[in-house]
Amino acid sequence: MNDQLWQLPPVNKLTTLEQTLTQPSPLELFTPDWPGAEDVTIYVKRDDKIHPVVSGNKWRKLKQFIYGYAEQYLDGAEGSTNAEGSLHAEGSSCTAKSSVRLISFGGGFSNHLHALGYVCHTLGIPLSAIIRGDYSATPTPMISDLTLWNVDIEYVDRITYKKRDSAEYLNTLKERFSPAIIIPEGGSQEQAIAGVAELVSEITEALATNHNTEFDTIIAPVASGATMGGIVSALTPNQHAIGIGVLKGQDYLESLVNQFLPADLLAKEILTKELAAKAPASNEEENKANSNWHINHEYHCGGYAKAPPYLKAFCENFNNAMPFKIEPVYSGKVFFALKDMLKKGTFKSGSKIIVLHTGGLQGAR
Ligand SMILES: Cc1ncc(COP(=O)(O)O)c(C=O)c1O
């Protein structure tokens, strides 16, 4: 990662931040010498290249929200920086140093808090990070970065952290930090869906322009379900998304994705399930064909952030041999799954497969 970019001084415009992002992210041909890979074409959507910090699915999920926030609270942000680093707009009483605080949640290695911390620091937005566990004696590299970016950090125990979606707890936080807006853990909220959906249009356009083709299958990791929800919302009926569950969550992860699907897609999903219950499919393949997405639960490798030796070895070998890096929490499990599925002959010969690299490499520091 490019450490210099992390040291960027605060800038006064969202557009300046946007100029540092690689958008659209590259779509790269991936040709591993893995058994089964010779029968298909694989492309990797390199969202990890969007930005050294705001990488992967982070900008996708935050973009719409930050634009809305900027419009409402950072209006008139163009101007000069004063001695304290707050920005006074010329000919306007607005300041870019907003008083409306953001509050969000994550673990000690959270990619979301890291990206949000950087965005807030860059745009002059106050942020409170509620972190699961007490790292005050041994801050992780992620937490050290947050400190560097003046993020207000509050460590809470696991029981308090579990309340992160409870209205009562969130109201207490909002009152304490008033005026404040809550961003859910992982940045997974309704606005995230439209931001994620853009990656599907980028892929479609790049394939049409550069390869005169379309894709059949897209593979992505699933944790909170928002990334998968955004992808599914943008697929055409002949395309299929395979989610790789990165935690143990049969049915639970599906329900998370469902909650992010637009109403028409959700209604279709429910109808499909009802029909399937009346006339059960004779095999799993048929079941999958009924919907244009499903989650594979075979590759959580023991649970969230669990990295058994075989997964660590896979990531290490991959990072030594391939042109880009993966980490064990998200992308490692996805590429591990891809290799195994290719070996098992999961994909039809001639399939065009997209693997979404959602970034997250900072978490492996
Ligand atoms: C790097 C990375 N990839 C994938 C995911 C999973 O995405 P989602 O939570 O939207 O399912 C996350 C978590 O947000 C993440 O940090």
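Helices and strands here are DSSP runs, numbered from the N terminus. With that in hand, welcome to a set of close-ups of this predicted model.

**View 1. The whole chain, before we zoom in.** The chain holds 14 helices and twelve strands. Of its 365 residues, 39% are buried. Among contacts with a separation of 6 or more, 70% are between residues 24 or more positions apart.

**View 2. The shell around the ligand.** The shell counts 18 residues, and the nearest are Asn-111, Ser-224, Thr-227, Thr-358 and Gly-360. Two or more shell residues come from each of helix H4 (111-123), strand E9 (217-222) and helix H9 (226-233). H9 is the top contributor, with three residues. What is the make-up of the shell in nonpolar, polar and charged residues? Twelve are polar, six are nonpolar and none is charged. The ligand lies between domain 1 (3-55 + 193-364) and domain 2 (58-187), because both give residues to the shell.

**View 3. Helix H8 and its buried residues.** Helix H8 takes in residues 190-211, 22 residues in total. From first C-alpha to last it reaches 33 Å, close to the 32 Å expected at 1.5 Å a residue. Look for Ala-192, Ile-193, Gly-195, Val-196, Leu-199, Val-200 and Ile-203, which are buried in H8. The partners that the buried residues of H8 pack against include strand E1 (27-30), strand E2 (41-46) and helix H3 (57-73). Also among them are H9, helix H10 (252-260) and strand E12 (352-357). Just after H8 comes Asn-212, with a positive phi of about 50°.

**View 4. Two cis peptide bonds.** Most residues other than glycine have a negative phi, and most peptide bonds are trans. Gln-23 and Pro-24 are joined by a cis peptide bond, with omega about -5°. Pro-24 sits in the loop between helix H2 (14-19) and E1. A cis bond also runs from Ser-178 to Pro-179, with omega near -5°. You will find Pro-179 in the loop between helix H7 (167-176) and strand E8 (180-183).

View 5. Asp-251 is not a glycine, yet its phi is positive, at about 70°. Its place is the loop between strand E10 (240-245) and H10. Is Asp-251 buried or exposed? Asp-251 has 9 C-beta neighbours inside 10 Å, so it counts as exposed. Cys-301, likewise a residue other than glycine, has a positive phi near 55°. Cys-301 belongs to the loop between strand E11 (293-296) and helix H13 (309-321). With 23 C-beta neighbours inside 10 Å, Cys-301 counts as buried, because the cut-off for burial is 20 or more.

**View 6. The nonpolar cores.** The largest nonpolar core has 48 residues. Which residues have the most contacts inside it? They are Ile-219, Ala-220, Val-222, Val-334 and Val-355. Helix H14 (residues 331-343) supplies the largest share of this core, seven residues.

Notes
Residues numbered from 1 in each chain as written. Predicted model: local features only at pLDDT ≥ 70, side-chain atom pairs only at ≥ 80, totals over all residues. Near = placed C-beta within 6 Å. Helix = DSSP H or I, 4+ residues; strand = E, 2+ residues; numbered from the N terminus. Nonpolar A, V, L, I, M, F, W, Y, C, P; charged D, E, K, R; others polar. Domains from an automatic or database assignment. Expected span 1.5 Å × (residues − 1). Buried ≥ 20, exposed ≤ 12 C-beta atoms within 10 Å, placed from the backbone. Contact = placed C-beta atoms within 7 Å. Core = buried A, V, L, I, M, F, W, Y, C linked by C-beta atoms within 7 Å.
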